[in-house]
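Hello,

Here is the structure we talked about handing over.

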Amino acid sequence: MDRRAVLAAFDEQIRKRPQPEAPGARAERVGKVARHVAPDGDGWSAVLWSDLDEACADAAIAEQVRFFAAIAQRFEWKHYAHDLPADLPRRLLAAGFVAEPEEALMVAEIAALDLHVSPPPGVRLLPVADATTVEMVARVHEEVFGVDHGWLRRSLLARLNETPTPVAAAVALAGDLPICSARVELHAGTEFASLWGGGTLPGFRGRGVYRAMVAHRARIAAARGFRYLFVDASTESRGILERLGFVRLSATTPYVWQQGA
C-alpha cells in the first residue's frame, strides 16, 4: 500500500466531503472547515477536516464554537496527527476543548484481507434487519461502552430502509445472548467503507469474535465494490487489526467541546 497516497485519498474523499450519517443530519463545507451536524442535537456532531494555518486557526475555532453554541450542541473537533497548524491541539485546549483518548487510523485494502474467517464454535452472526436486531445492537453497545445509544437505534432503523442502504450491521449471538455488535458505513461515491462498534462482552473476548465480525463486514464492503476499509482503532483492537492486514496511517484524537463544561 502506498500509505501517503491512501491517506491523501482518505482526506479528500472522506474528510473534505463528508456525508450525513443520520436522517436529517447535515454535512457541509463552511470556509476552510468541513463539519457534520446532527439533527436537533440527536447524535454526533463534529468538525471533520480543516485547512488552517497559524494566522486563521484561532478565528476558525471560535467560529465553530459560536455555531454549535448557538444550536446548543456538543461537538468534537476530530484532529489528525498530520493536520496543520502543528499546534492545533494546543489551540483547541485553550478554547475550552477536552481531549479524549487517541486512536489509530487503520486502513486495509479489502482485496488483501483474508475474508474466510468464521465465528468461533457456539457463536453465530445475525444480520441486522428489523427493530428487534437493532435493539440488540444498541444494547450491546450500551453495555460495552457505557453510554446511551438511543441515537443509534433511531439512525439504524431509518437508514436500513434506504435503497441502497448506506449502512449494514450485525450482531454476534452465543446461543440467544447478544455478545458483540458492529456496523459498516458504506460511503457512496468513495473508495472507502468504515468499521464502527465491534465491542464484545468481557466474558467472550479473546475468542475470535471481533476478528469474525471484521471479516463479515469486509465481505459486505467488497460486494458493494469498495476498495478500502478504515477504522479508528483503540489500543485493544489495534493488534487484532494489524494481524488481519490493516496498517496505521495516522492518529486521531477527538477534542470535545460542550457548553457549560
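**Aromatic pairs**

Trp-257 is buried, at 10% relative accessibility (buried means under 20% relative accessible area, exposed over 50%, partly exposed in between, with a 1.4 Å probe and protein chains only). A word on the source: this is a predicted model, where local features need pLDDT of at least 70, side-chain atom pairs count only at pLDDT 80 or more, and totals for chains, interfaces and linings use all residues. Residues are numbered from 1 along each chain as its sequence is written, and side-chain values use heavy atoms, with hydrogens and water left out.

The search of the whole structure gave 10 aromatic pairs. Rings of Phe, Tyr and Trp (its six-membered ring) pair if their centres lie within 6.5 Å; planes under 30 degrees apart are stacked, over 60 edge-to-face, the rest tilted.

One of the pairs is Phe-10 with Phe-230, edge-to-face, at 4.9 Å centre to centre and 75° between the planes. Phe-10 sits in helix H1 (residues 3-15) and Phe-230 in strand E11 (residues 228-233), so the pair ties together parts 220 residues apart in sequence. Helices (H or I, at least four residues) and strands (E, at least two) are DSSP runs, numbered from the N terminus. Phe-10 is buried, at 0% relative accessible area. Phe-230 is buried too, at 4%.

Phe-75 and Trp-257 make a tilted pair: 5.9 Å centre to centre, 45° between the planes. Phe-75 is in strand E4 (residues 75-80) and Trp-257 in strand E12 (residues 247-257), so this pair ties together parts 182 residues apart in sequence. Phe-75 is buried, at 1%.

One aromatic cluster holds Phe-67, Phe-68, Phe-75, Trp-77, Phe-97 and Trp-257.

Best wishes
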